[in-house]
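Could you walk me through this structure in plain words? I am new to reading models like this and would like to know where to look.

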Amino acid sequence: MDFLRDPFGFVIQEYTGWLGGLGLPAGWVDIIAKLTGALVLATGAMLFVVFLIWYERKLIGRIQDRFGPNRVGPWGIFQPVADMLKIFTKEYITPIGADKFAYNLAPILAVAAVLLLWSVLPLSVTVVGTDLNVGLLFLVAVGGLGEMSYILAGWGSNNKYALLGAFRLVAQLISYEVPLVLSALVPVMLAGTLSVNGIVQAQESVWFIVAAPAAALIFFIASIAEIGRSPFDLIEAESELVAGYNIEYSGLKFGMFFVAEFLHAFTVSMIFATVFLGGWQGPGAAEIPVLGFVYLMLKTFVVYFVTILFRGTLPRFRIDQMMNLNWKVLTPLSLALIMAMAIVGGLTRELPVFWQVIAFLLVNLLLLGATDQLMRLSQSRKTKSNLPMQPLRKVLTTSTKHGAGE
Amino acid sequence: MIPLAWYLIFSAALFCIGLFGALARKNAVAILMGVELMLNAVNVNLIAFWHYYAQMRSTPYVHGLAFTTMVFVVAAAEVAVGLALVISAYRRRQTPVVDELTLLKG
Amino acid sequence: MNGLQVVFLLAALVSLFSAAMVVSARRMMHAALWLVLTLMGVAVIFVTLQSSFFAVVQVLVYVGAIAILIIFSVMLTRRVMEDHGDQILPGWRAAGLVAGLLFAIIVGFLALWQGFTTMLVELPADADNLLDLGQALVSPQGYALPFELASVLLVAALIGAITIAVDRKEDQHG
């Protein structure tokens, strides 16, 4: 194992070899090595957030024709460090009547839920925390823990606005989990495995975004909704909810929610890059593992850049629009997509890979086009039948009922 | 490595705790939680026995797993309908307490 | 006693304790949170049974969906921030007696069975149960019919839940 070709794998091998040399039993060596790996990965990910915050603020600044942070260090790169120091020194305030246990557990759980996602993501050929055979399902299931932390925060704060924010957030997360899981089924079908590393390896010849662009689009939209970024950021709509579930938090506890949000945004970009953009696959990645890590980071940053572009350019949805988009467009589309992909996959099983991919691509584009036409049709019908006064009345009634009564 | 007995005793205890909850709690949602505990105990039992039978024979053995899948489906359906009923009853009678839902007593 | 047994005992103790808290906590919200802990403990128990698929499904379905639904309905059905009064019916002693008796009966009968003390050994890793399970669920010789019935049940529950819980305008007047 050459150090330059695979520094991570080299260090891991040396470390486990050193642990084994200490005379510990094999089981203990395994446990200690895994614990150290988890510790290093978690610390690295959390420190990485410092850079992410700077990157995002700088980009958003450019989009809004500002400079962004530019005072601390070259190009303002140490600005998040200064922010962190400020947040560390702030006072912890626990509101009266708060449920102490839930209130304090929530920020920890929020960060932990995001860090858990990293345990099954393959960073390169040799570096993967655990190659679970149900890895993709694990990624979705851990999202449920994040929801739990938001509920705990909203309920534990003893604040109406926090509770309302948590309600909204969880309603949104649960709703968008449906198209997220359904669209993630398409790569699973294409790869024939639930293991994340297996899905990456199946994309050796062609990335799944080429074979299933519709699934990739649904997955991307749903994962933006999962991280609560604009245009789905109505969980922290200042004008309606003050700031959402984390209104009562201060100091480091607020900082942990902040870190969790940024890290989650980056992590879902990484999941997208892994599932649809080939993960660490790239020229020479199988022989030189460190290249795989570089490829993965490049792809992830491209996806992350697109999410920031969305955040910087799109206005916020109204809650009924958000629910309509999910239940009336994304969910039926992903269901139709799964059926179509299964049928086409069965019909073209004998063909070479190239024609199979072309068939998948055509089906995807056909479905996307049909959805587009249907949406246009319903939009034009709506505008034709509406009287001038109706839009206002509609907003008043549906916004209180979460879009259920339209 | 772990005796089957441990799993069976654990699941029996979980089932009985759930049964107690379903029988003794006032709140309709708490009764549903008790039912969930019982269903979970059933799942533990099913998977423990699946493991037992899978190690007894060499051929693939999935019946226990298939049953567990069905239990998951039933649990999801039960919770959805049960909670809808609770919410509906609460909306009309302004209480989730089953003792106070005595409309049929006249 | 090996590592797996320690894991099992820890998970079992945590689950049973939090299950007891679920049925005895005064505040409904706390009961719901204890329920989450119980479900996570049961997920760990599934892992010790080499059924990681069901452990993940347990977290996905129970913690991610069912527990959150329960928490939602707890929040939607309480009059004030604090729950008031006793949460236990007056006849709880009888219920406890029934539950305790049932436990004694189950364990007593199981102890008579000779397979009770079998050690569960590790299954061979190449037995890919997940694949077999998936094929069994859709093969006509296996569980295709129950699987379809389960899907119909889910759809029926979905429609039923919406029909029951929808807030119609005329209901509020009449």
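Here is a short tour, chain by chain and contact by contact.

## Two domains in chain A

Keep in mind that this is a predicted model. Chain A splits into domain 1, residues 1-71, and domain 2, residues 90-377. Taken over C-alpha atoms, the centres of these two domains are 22 Å apart. Where they touch, domain 1 of chain A contributes 19 residues and domain 2 of chain A contributes 18 residues.

On the domain 1 side, two elements give two or more residues each: helix H1 (7-21) and helix H2 (26-63) of chain A. H2(A) has the largest share, with 13 residues. Sorted by class, the residues on this side of domain 1 are 13 nonpolar, 3 polar and 3 charged.

## Where chain C meets chain B

Now look at the contact between chains C and B, where 75 residues of chain C touch 61 residues of chain B. Several elements of chain C supply at least two residues each, including helix H1 (3-24), helix H4 (92-112) and strand E1 (119-120). The largest share on the chain C side comes from H4(C), with 11 residues. This side of chain C has 56 nonpolar, 17 polar and 2 charged residues.

The two chains also pair through strands. Strand E1 (residues 2-3) of chain B runs antiparallel to E1(C), and 2 bridges join them. In one of these strands, E1(C), the residue C:Leu120 is the bridge partner of B:Ile2.

## One side of a helix

Which residues of H5(C) are buried? They are C:Asn129, C:Leu133 and C:Ala136. These residues lie on the same side of H5(C), because they cover an arc of only 65° around the axis. The buried residues of H5(C) pack against helix H3 (63-93) of chain B.

Finally, find two loop residues. A:Trp75 sits in the loop between H2 and helix H3 (79-88) of chain A. A:Trp75 is not a glycine, yet it has a positive phi of about 55°. Is A:Trp75 buried, exposed or partly exposed? A:Trp75 is partly exposed, because 13 other C-beta atoms lie within 10 Å.

C:Gln50 belongs to the loop between H2 and H3 of chain C. C:Gln50 has a positive phi of about 60°, although it is not a glycine. With 19 other C-beta atoms within 10 Å, C:Gln50 is partly exposed; a buried residue would need 20 or more.

Key: Residues are numbered from 1 along each chain as its sequence is written. Chains are lettered from A and ligands numbered from 1 in the order in which they are written. This is a predicted model: local features need pLDDT of at least 70, side-chain atom pairs count only at pLDDT 80 or more; totals for chains, interfaces and linings use all residues. Domain bounds come from an automatic or database domain assignment. Two residues are in contact if their C-beta atoms, placed from the backbone, lie within 7 Å. Helices (H or I, at least four residues) and strands (E, at least two) are DSSP runs, numbered from the N terminus. Ala, Val, Leu, Ile, Met, Phe, Trp, Tyr, Cys and Pro count as nonpolar, Asp, Glu, Lys and Arg as charged, and the others, Gly among them, as polar. Two strands pair if DSSP finds at least two bridges between them. A residue is buried if 20 or more other C-beta atoms lie within 10 Å of its own, exposed if 12 or fewer, and partly exposed in between; C-beta atoms are placed from the backbone. The arc is that of the directions from the helix axis to the C-beta atoms.
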